[in-house]
Amino acid sequence: VRLDTDVQCRSVPMTLTNSGGKNYTENVVFTIDENTNKIDEISFALNERYIRSIMRDTDIDETARIRLVTFIEKYQTAYFQKDWDFLESIFTYYHPLPNDYEYIKSNKNSFFERLRNTNKECIHLQLSDLRVEMSAQKDLYVITFVQDYYSANDGDHGYVFLLVDMADTSAEPVVRFAVFSTETTDGKIPFTLKDYDLLCGKTAK
């Protein structure tokens, strides 16, 4: 897959073992710089079902679709590598808005301070029920998913809403708004694009 001046070699299977002895297999993406013929980045590939779903969405420009897939893959890989600098750079604005749930408001600094202080060996994310939608606002996209993470000795389960700004095509997409929820109703993601657009007085496309 071509992305700007890079070429991605996708879906290379790799078996990993953590210090607790747990084995798991991931499909890996190598991003190669055409100018140097060297690998720039290595990331975990999304589930093929989610990639096909995003790439079939013709309402979204093809380049934007590829950037969205790449962005999500970098997001989940950054947790595994504990690359908090990358995650902090893409979160430009962080606060949940109230709806029918009780939310704890957190600013960006306190959120990443907690992440940096974690003593986990690594955080292996598994994303499910992943959906990508266009917001009614130009160049803004919504990514929602169920997020399960596993480390050597514990795990967690949550629901994530990310409002991603892709206006600057020369830079990484950035998260303008995020909601992290630990509770749900009837198996549905608690906060959706419809909720966000209603709060902003917009109509989803």
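Visitor: Let's start with Tyr141. Buried or exposed?

Guide: This is a predicted model. In it, Tyr141 has a relative accessibility of 9% and counts as buried, because buried means under 20%.

Visitor: Where is Tyr141 found?

Guide: Tyr141 is in strand β6, which covers residues 140-150.

Visitor: What does Tyr141 touch?

Guide: Leaving out residues up to four places away in sequence, Tyr141 touches Ile60, Ala64, Leu68, Glu133, Met134, Ser135, Leu162, Leu163, Val164 and Met166.

Visitor: How many residues apart along the chain are Tyr141 and Val164?

Guide: They are 23 residues apart along the chain, and their C-alpha atoms are separated by 5.1 Å.

Visitor: Ser135 was in that list. Where does Ser135 sit?

Guide: Ser135 is in the loop between β5 (124-134) and β6 (140-150).

Visitor: And is that one buried or exposed?

Guide: Ser135 is buried, with a relative accessible area of 5%. Again not counting residues up to four places away in sequence, Ser135 touches Leu140, Tyr141, Leu163, Leu193 and Asp197.

Visitor: New topic, the sheet. What order do β1, β2, β3 and β4 come in?

Guide: The order is β1-β2-β3-β4, in an open sheet with antiparallel pairing. The edge strands are β1 (2-3) and β4 (38-44), each of which pairs on one side only.

Visitor: How many bridges are there between β2 and β3?

Guide: Ten bridges link β2 (residues 6-17) to β3 (residues 23-33), in the antiparallel sense.

Visitor: Which residue of β3 is opposite Val12?

Guide: Val28 of β3 stands opposite Val12.

Visitor: Which helix lies across those strands?

Guide: Helix α2 (residues 62-81) lies across β1, β2, β3 and β4, and runs at about 80° to β4.

Visitor: Which residues make the contact?

Guide: From α1, they are Ile51, Ile54 and Met55. From α2, they are Glu62, Arg65, Ile66, Val69, Ile72 and Glu73.

Visitor: How many of those are nonpolar, polar or charged?

Guide: Six residues of the contact are nonpolar and three are charged, with no polar ones.

How values were computed: Residues are numbered from 1 along each chain as its sequence is written. This is a predicted model: local features need pLDDT of at least 70, side-chain atom pairs count only at pLDDT 80 or more; totals for chains, interfaces and linings use all residues. Side-chain values use heavy atoms; hydrogens and water are left out. Two strands pair if DSSP finds at least two bridges between them. Helices (H or I, at least four residues) and strands (E, at least two) are DSSP runs, numbered from the N terminus. Contact means heavy atoms within 4.5 Å. Axes are lines fitted to C-alpha atoms, for helices over the stretch in contact, and angles run from 0 to 180 degrees between N-to-C directions. Ala, Val, Leu, Ile, Met, Phe, Trp, Tyr, Cys and Pro count as nonpolar, Asp, Glu, Lys and Arg as charged, and the others, Gly among them, as polar. Buried means under 20% relative accessible area, exposed over 50%, partly exposed in between (1.4 Å probe, protein chains only).
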